[in-house]
Amino acid sequence: MTSIIQIEEDILKTIKELEDIKIEITNLNQELKLIQELISTVNQNDIISKDKMLEIGIDPTQIYSPTILKLKLRGIQNTKKTRLNELQIGHNKNKQLINHLTKCPICQGKGTTTKTSYDRNDNRITPTTKTETCPTCQGKGQLNINSQILELLKKIK
Ligand SMILES: [Zn+2]
């Protein structure tokens, strides 16, 4: 079985990845908001400042017709939306991974285990199934991991 230290390392690595993804998602959402604003600006036949063009990756030294500018903006918008989707999938995967890693391997996160005993009466054997609190996690359903990691996990939930 994998040692708890190894599992804790994997959890920390996954938390770090989740944090990086969150930062990128926040940045992308801001950029997408800006692009939407710029598309409205072009639709209203207003001028986009050179700073804003540079900020979203359009060469400000060129002159564009409103149609071309809108096409460029939509292209950038689509690329960023695709990236955002990928990040959200990655975010969900990492969260699932954390749930999987922190789950008690004995009771599979249920917090209880079942024990079947066999009673002999006359010639018959009767099985009795008893549900007990999981002795490994004491009913918590989670691995007994380092409290600092638990604090980090609370933050991402
Ligand atoms: Zn358990």
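Residues are numbered from 1 along each chain as its sequence is written. Because the model is predicted, local features need pLDDT of at least 70 and side-chain atom pairs count only at pLDDT 80 or more, while totals for chains, interfaces and linings use all residues.

The mean pLDDT of the protein chain (the predictor's confidence in each residue, from 0 to 100) is 93, and 99% of the residues reach 70 or more. Where pLDDT is low, the predicted coordinates should not be read in detail.

The protein chain contains four helices and two strands; these are DSSP runs numbered from the N terminus, with helices (H or I) of at least four residues and strands (E) of at least two. Their order along the sequence is α-α-α-β-β-α. The radius of gyration is 27 Å, well over the 15 Å that the globule rule gives for 157 residues, so the chain is more spread out than a compact globule. This radius is taken over C-alpha atoms, and the globule rule is 2.2 Å times the number of residues to the power 0.38. The C-alpha trace spans about 95 × 35 × 20 Å along its principal axes. Buried residues account for 8% of the 157 residues in the protein chain. A residue is buried if 20 or more other C-beta atoms lie within 10 Å of its own, exposed if 12 or fewer, and partly exposed in between, with C-beta atoms placed from the backbone.

Two packed helices are described by the angle between their axes and the distance between the axes. Axes are lines fitted to C-alpha atoms, for helices over the stretch in contact, and angles run from 0 to 180 degrees between N-to-C directions. The axes of helix H1 (residues 4–43) and helix H3 (residues 66–102) come within 8 Å and cross at roughly 160°. H1 is therefore roughly antiparallel to H3; angles over 145 degrees count as roughly antiparallel, under 35 as roughly parallel, 65 to 115 as roughly perpendicular and the rest as oblique. The crossing of H1 past H3 is left-handed, a term used if the near helix is turned anticlockwise from the far one by less than a right angle, and right-handed if clockwise. The contact of H1 with H3 comprises 20 nonpolar, six polar and eight charged residues. In this classification Ala, Val, Leu, Ile, Met, Phe, Trp, Tyr, Cys and Pro are nonpolar, Asp, Glu, Lys and Arg are charged, and the others, Gly among them, are polar.

The axes of H1 and H4 come within 11 Å and cross at roughly 30°. This makes H1 roughly parallel to H4, and H1 passes H4 in a left-handed crossing.

Glu55 lies in helix H2 (residues 50–56) and is partly exposed, with 14 other C-beta atoms within 10 Å. Its C-alpha atom is separated by 10.0 Å from that of Ile35, 20 residues apart along the chain.

The loop between H3 and strand E1 (112–121) holds Gly109, which is partly exposed, with 17 other C-beta atoms within 10 Å. Gly109 and Leu152 are 43 residues apart in sequence and 20 Å apart in space, C-alpha to C-alpha. Gln108 lies in the loop between H3 and E1 and has a positive phi of about 60° although it is not a glycine. With 11 C-beta neighbours inside 10 Å, Gln108 is exposed. Gln138, in the loop between strand E2 (124–133) and H4, is not a glycine but has a positive phi of about 55°. Gln138 counts as exposed, with 12 C-beta neighbours inside 10 Å.
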